[in-house]
Amino acid sequence: MIASAGQFNFADRVDELLAQYDQPSASVAQLLVDRHPADAVAFHIVQPDLSATQITFGDLATKSHAFASALAAQGVKRGDAVGVLMGKSEELVVALIGIWRLGAIHVPLFTAFAAPAIELRLSASGARVVVVDDDQQSKLDVVQIDGVARIVVGGAGSDDTSYNALMDAYSGQSVDTVAGGGAATMILLFTSGTTGTPKGVLVPARAIASLHEYMEMGLDLRNDDVFWNAADPGWAYGLYYALVGPMAMGLPSILLKAGFSPALSWQVMERFGVTNFAAAPTVYRALRTDPAPIPEGLKLRRASSAGEPLTPDVINWAQDALGTTVRDHYGQTEHGMMICNSWIDGLREEVKPGSMGRPLPGW
């Protein structure tokens with residue numbers, strides 16, 4: 001974690017991050033989980049009623065070993081693809097770290113997808129297993145792909161398919177954590193298909209250097225921030241910067257187990273004292289038009305936007321309503337965020353409406 005822009009050179013920091021994540025001994029599970037203090041909080045899991053539980057990096061290490069053991073028993077090995085059709089939850093994060101602990105490849109499946117979109121991604125990736133929330137199973141029932149095993153989170157299931165049963169069966173067991181190196185693929189994420197058939201993007205472990213950089217320089221995430229990225233992890237911005245980026249930095253992140261609503265979003269910001277918030281422009285527009293009064297005493301220090309153009313009306317509204325501006329950032333599935341109205345001291349400039357900003361250092 002960097003303290004202030006005056007204490008380092010941006011180009012040197014890029015070199016440090018590349019050296020950290022692009023090395024022959026790089027292990028995704030070690031870089032995201034095992035190297036952090038076991039008692040440090042990794043995620044605050046927030047329910048729709050605003051009750052919350054915490055999961056530490058130590059919890060993630062133990063549980064991901066058990067889940068990796070269950071996957072290995074089903075024949076999953078290094079380089080195999082595993083589909084994940086899940087909403088935001090503790091089980092989601094455990095599943096991802098378990099997949100990466102084996103050196104396997106995570107194939108994100110957005111929970112709003114219809115069956116054909118899921119079928120395309122499972123078929124193209126050659127997935128051996130799909131981890132699925134119980135309320136998403138009906139989509140898999142009509143998918144025409146043979147030989148893909150299921151692990152079902154929640155609901156009923158046999159001992160061979162139930163996430164809970166498998167976690168109980170393999171509790172306390174561990175696997176050899178694979179160190180695939182910086183070039184090893186950790187994610188196979190398909191583009192949205194706006195210009196044709198969705199295309200699979202291979203994301204290597206060394207890409208974490210870029211994700212880490214954006215957290216530090218684009219978002220200005222600091223040790224004392226309460227961070228919430230409201231984007232869904234079925235897409236790049238949520239996966240890269242609500243899950244992987246915060247874990248790379250060893251800092252906690254909020255995961256809200258609920259669909260979006262303006263009222264609930266305001267409540268989460270108020271109850272948990274969110275200081276650093278990121279979301280798509282659609283979220284900010286919905287907050288702006290919500291008739292309910294904005295809670296008093298919001299603690300927002302930074303607000304950021306990505307995914308579509310940020311219009312000037314949102315920028316003008318945010319300064320008065322949120323007490324901070326919203327800064328627009330640009331990226332794509334293929335490379336993450338790379339052009340930003342950056343927040344960090346030394347890169348921060350006055351926002352020009354309609355501008356995506358400047359390339360982050362190293363791009």
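I count two strands as paired if DSSP finds at least two bridges between them. Strands (E, at least two residues) and helices (H or I, at least four) are DSSP runs, numbered from the N terminus.

**Ground rules.** I am working on a predicted model, where local features need pLDDT of at least 70, side-chain atom pairs count only at pLDDT 80 or more, and totals for chains, interfaces and linings use all residues. Residues are numbered from 1 along each chain as its sequence is written, and side-chain values use heavy atoms, with hydrogens and water left out.

**Strands.** I looked up phenylalanine 43 and found its bridge partner in S10 to be serine 253. Strand S1 (residues 41-46) runs parallel to S10, and four bridges join them. In a regular strand, side chains alternate between the two faces of the sheet. In S10 (residues 253-256), Ser253 and Leu255 point one way, Ile254 and Leu256 the other way, and all are buried (under 20% relative accessible area, with a 1.4 Å probe and protein chains only).

**Rings.** I found 10 aromatic pairs in the structure; rings of Phe, Tyr and Trp (its six-membered ring) pair if their centres lie within 6.5 Å, and planes over 60 degrees apart count as edge-to-face. Tyrosine 240 and tyrosine 241 form an edge-to-face pair, because their ring centres are 5.9 Å apart and their planes stand at 90°. Both tyrosine 240 and tyrosine 241 are buried.

**Pockets.** For me a pocket is an open set of points on a 1 Å grid over the protein atoms alone, where a 1.4 Å probe fits, with protein on both sides within 12 Å along at least five of seven lines; lining residues have an atom within 4 Å of a point. A volume is the space filled by probe spheres set on the points.

The largest pocket has a volume of about 1,200 Å³. Of its 42 lining residues, Trp235, Ala236, Tyr237, Ala306 and Gly307 are the closest to the centre. Helix H9 (236-249), helix H11 (281-289) and strand S13 (326-332) each supply at least two lining residues.

The second largest pocket holds about 360 Å³. I list 22 residues in its lining, with Arg206, Ala207, Ala209, Ser210 and Trp363 nearest its centre. Helix H1 (10-21), strand S8 (200-204) and helix H8 (208-218) each give this lining at least two residues.

Methods: Rings of Phe, Tyr and Trp (its six-membered ring) pair if their centres lie within 6.5 Å; planes under 30 degrees apart count as stacked, over 60 as edge-to-face and the rest as tilted. Buried means under 20% relative accessible area, exposed over 50%, partly exposed in between (1.4 Å probe, protein chains only).
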